[in-house]
Amino acid sequence: MVDSHVRGVQVKENIKFTPSLSEQRHKFVLDFVRKHKPQKIPCSLKTSLSSFLRKVADLGCANCKLLWRLKYHESIEVLAGLDIDENILTRNMLHTGAGDYLDPRERPLTITLYHGSVVEKDPCLLGFDLITCIELIEHLEAKELSQFPEVIFGFFSPTTVIISTPNSEFNPLFSGKTLFRHPDHKFEWDRTQFQSWALDAARHYGYSVEFTGLGEPPPGAEAVGFCTQIGVFVKTIPNTVKSLHDEKTIECAHTTVGTVIYPSLKEEKYLRKAVSNEVFSQILKMKRVLLESLKMKNDNDNSDELEFVKPKCDESKNDPTEEIPKPFCIENVFYVPLERLFSFPKIKHLCGDLETLKMLIANEVMLSSDGSSVMINTVDEEDCDLSDNDGDDLRFV
Ligand code: SAH
């Protein structure tokens, strides 16, 4: 292997990053989003939180890999991808899968892919909390690059912008004699060029900017800086209502390649299903314990050993579930008080209050005449008949 010299430092060729730089760049964005997620609230609360990073757009999204990973962030409700290459978008259009329906998100999520150029003004990209341009600007022609700040910072004007681009000072550390790292790159900047461009744009459009990077140089070559340079822009001057209104009058320039709306617990039908599934699962567990206990009771006639499934709780305190009404059996009917069901953390989180729990399961289960318990007939579903039990009502302690 041939070694090359950078500013007097001998370094090995074929520098490789693990994880790959592309992976690291996406992780940088994901970590940024994670740092700004809003607090959790019960999903039954219908108020819309003004979370910091609810709407995120990735410009020059290519194969949509970053969008695909952002989709798993609960805080995000709107994702948009834009690329000038329509084929790559069509090939990578995101779809919902069975898992998305089985385990719906707490918040709604819509992903839309647009075909168009980043330097075209289109109202579809207004009002975003974060716009990312990962390894995009170096693909722009000089004219496009000159239009870029006005469109991104001036028109789209999101709360935050993350721009990454190669740091040309690092290039001598790579093997090969090509001018740029990629044949489609129109330029590659050193740190001074990128930072003065970014500072100019930030100053002009009311943003602050901080610089960082990814991909450490090898020991001895620290002076060249990171392989990828990154600018994180944060808006310092909020948009006025008037400016947002004026901008909306502009016509659409991008074409929509596709939109995917993911199932979420904000839609009552999915919330109803999720609550019912959890309720049934807890009732079945309780019933199983009941039946096993009964078998033991019949075998040993030792009713003191009966124990019930209790929701997980902080065991360091007095057991709070002791106060909660317990399930019981009358003849062949198993009664589970709603209050007991509501004490399971997942059910409580999904419903928020007891009345909502009752409303959501009313059509899925049979409720006792006073509406306080779910009733399950034990005979049809299990081969064990509870009526074997001397005719006494069973209660669990
Ligand atoms: N951001 C991606 C890929 C970067 S490659 C990643 O992190 O992996 C640059 C992408 O920008 C390409 O997909 C290219 O088609 C797109 N592109 C180039 N010029 C563009 C323009 N004017 N408007 C929108 N996208 C553009």
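Strand 3, helix 2 and strand 4 come together as a right-handed β-α-β unit; right-handed here means that, with the strands pointing away from the viewer, the path from the first strand over the helix to the second runs clockwise. Helices (H or I, at least four residues) and strands (E, at least two) are DSSP runs, numbered from the N terminus. This is a predicted model, in which local features need pLDDT of at least 70, side-chain atom pairs count only at pLDDT 80 or more, and totals for chains, interfaces and linings use all residues. Residues are numbered from 1 along each chain as its sequence is written, and side-chain values use heavy atoms, with hydrogens and water left out.

Strand 3 (residues 55-59) is largely enclosed by the rest of the structure, because five of its five residues are buried, meaning under 20% relative accessible area with a 1.4 Å probe, protein chains only. Lys55, Ala57 and Leu59 point one way, while Val56 and Asp58 point the other. Strand 3 runs parallel to strand 4 (residues 78-83), joined by five bridges, and strands count as paired if DSSP finds at least two. Leucine 59 has leucine 82 as its bridge partner there. Strand 3 also pairs with strand 6 in the parallel sense, over three bridges, with valine 56 opposite leucine 130.

Leu130 turns up again in the largest nonpolar core, where Val29, Leu70, Leu79, Leu130 and Ile162 touch the most other members out of 36 residues. Such a core is a set of buried Ala, Val, Leu, Ile, Met, Phe, Trp, Tyr and Cys residues joined through side-chain atoms within 4.5 Å. Helix 1 gives the largest share, five residues.

Conventions:
Buried < 20%, exposed > 50% of the residue type's maximum accessible area, 1.4 Å probe, protein only.
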